[in-house]
Amino acid sequence: MITIKNVSHDFVVGKKGRQTVIPVLRNISMHVEKGEIVTIVGRSGSGKSTLLNLVSGFIHPKEGEIWISGEKVTGLNESKFADFRIKNLGFIFQSFQLIPSMTAFQNVELPLILKGVNEIDRKKQTEAMLKKVGLLDYQDHYPGELSGGQQQRVSIARALIVNPPVILADEPTGSLDSETERDLLEFIVELNRDLGITFLIITHDDKVAEIGHRTIELKDGQIARKVAAV
Ligand SMILES: Nc1ncnc2c1ncn2[C@@H]1O[C@H](COP(=O)(O)OP(=O)(O)OP(=O)(O)O)[C@@H](O)[C@H]1O
């Protein structure tokens with residue numbers, strides 16, 4: 001489902017003439033099977049977010065190739081990647097990334113507008129998705145009028161609305177209390193089991209790492225070890 005082949009990446013920082021190269025990822029190769037939950041752990045600065053940003057196409061690897069759903073995404077230009085993203089990838093972020101001036105309904109509906117779905121179908125699909133995450137009664141609430149767990153559910157509904165085969169999550173429970181975190185992790189496991197969605201999740205949190213069928217540790221930009229789940 002996701003194949004990362006010999007990917008290396010560095011950032012160049014500083015003013016012209018005094019630039020420094022920061023090597024971040026070195027020769028990473030890994031594969032995520034369809035229907036797997038793979039969690040990526042590692043200390044702060046080990047390159048987790050950089051790896052996720054590369055898979056998401058927000059940055060491009062200096063070396064190596066990334067394949068998603070059988071398509072080589074390395075080398076796609078911005079507009080082709082945007083098109084690929086809307087069809088294939090859903091995102092869950094620690095900070096939810098909801099649009100504050102839009103209601104829960106409008107936030108969830110947005111990817112359908114980008115995809116060109118007509119208004120009647122959008123309403124049907126958005127309401128069905130809000131029902132699925134238990135928030136139909138909150139559809140007219142703005143993000144600021146929802147709890148952290150409810151906001152994260154809106155962001156999951158927004159990720160799911162286009163039926164992506166893959167969801168990429170960056171510290172998905174980082175802003176939640178432990179009870180809400182447990183609910184959300186159960187929900188992710190359910191989505192994986194019932195809908196076969198593949199998850200690639202980066203986290204600091206052992207409870208999140210535990211839901212992975214496999215956990216991969218990054219250390220200084222390299223894969224340190226692969227741990228099979230019990
Ligand atoms: N846009 C950027 N420009 C320059 N350096 C960057 C950039 N993004 C990340 N880095 C550097 O790359 C290294 C890895 O960062 P990254 O955010 O991938 O680590 P991480 O494992 O996700 O850390 P954390 O757990 O703290 O989020 C760090 O040294 C960071 O300073």
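Student: What classes of residue make up the shell around the ligand?
Tutor: The shell has four nonpolar, seven polar and one charged residues. Ala, Val, Leu, Ile, Met, Phe, Trp, Tyr, Cys and Pro count as nonpolar, Asp, Glu, Lys and Arg as charged, and the others, Gly among them, as polar. This is a predicted model, where local features need pLDDT of at least 70, side-chain atom pairs need 80 or more, and totals for chains, interfaces and linings use all residues. Numbering starts from 1 along each chain as its sequence is written.

Student: Which residues are around the ligand?
Tutor: Among them are Phe11, Val13, Ile22, Val24, Lys48, Ser49 and Thr50.

Student: Which element gives the largest share?
Tutor: H1 does, with three residues.

Student: New topic. How do H3 and H4 cross?
Tutor: The axes of H3 (residues 104–115) and H4 (residues 119–132) come within 9 Å and cross at roughly 125 degrees. The two helices are therefore oblique to each other. Angles under 35 degrees count as roughly parallel, over 145 as roughly antiparallel, 65 to 115 as roughly perpendicular and the rest as oblique.

Student: Which element has the lowest mean pLDDT?
Tutor: Strand E10 (residues 222–228), at 73. pLDDT is the predictor's confidence in each residue, from 0 to 100. For the protein, the mean is 90.

Conventions:
Helix = DSSP H or I, 4+ residues; strand = E, 2+ residues; numbered from the N terminus. Near = placed C-beta within 6 Å. Axes fitted to C-alpha atoms, helices over the stretch in contact; angles between N-to-C directions.
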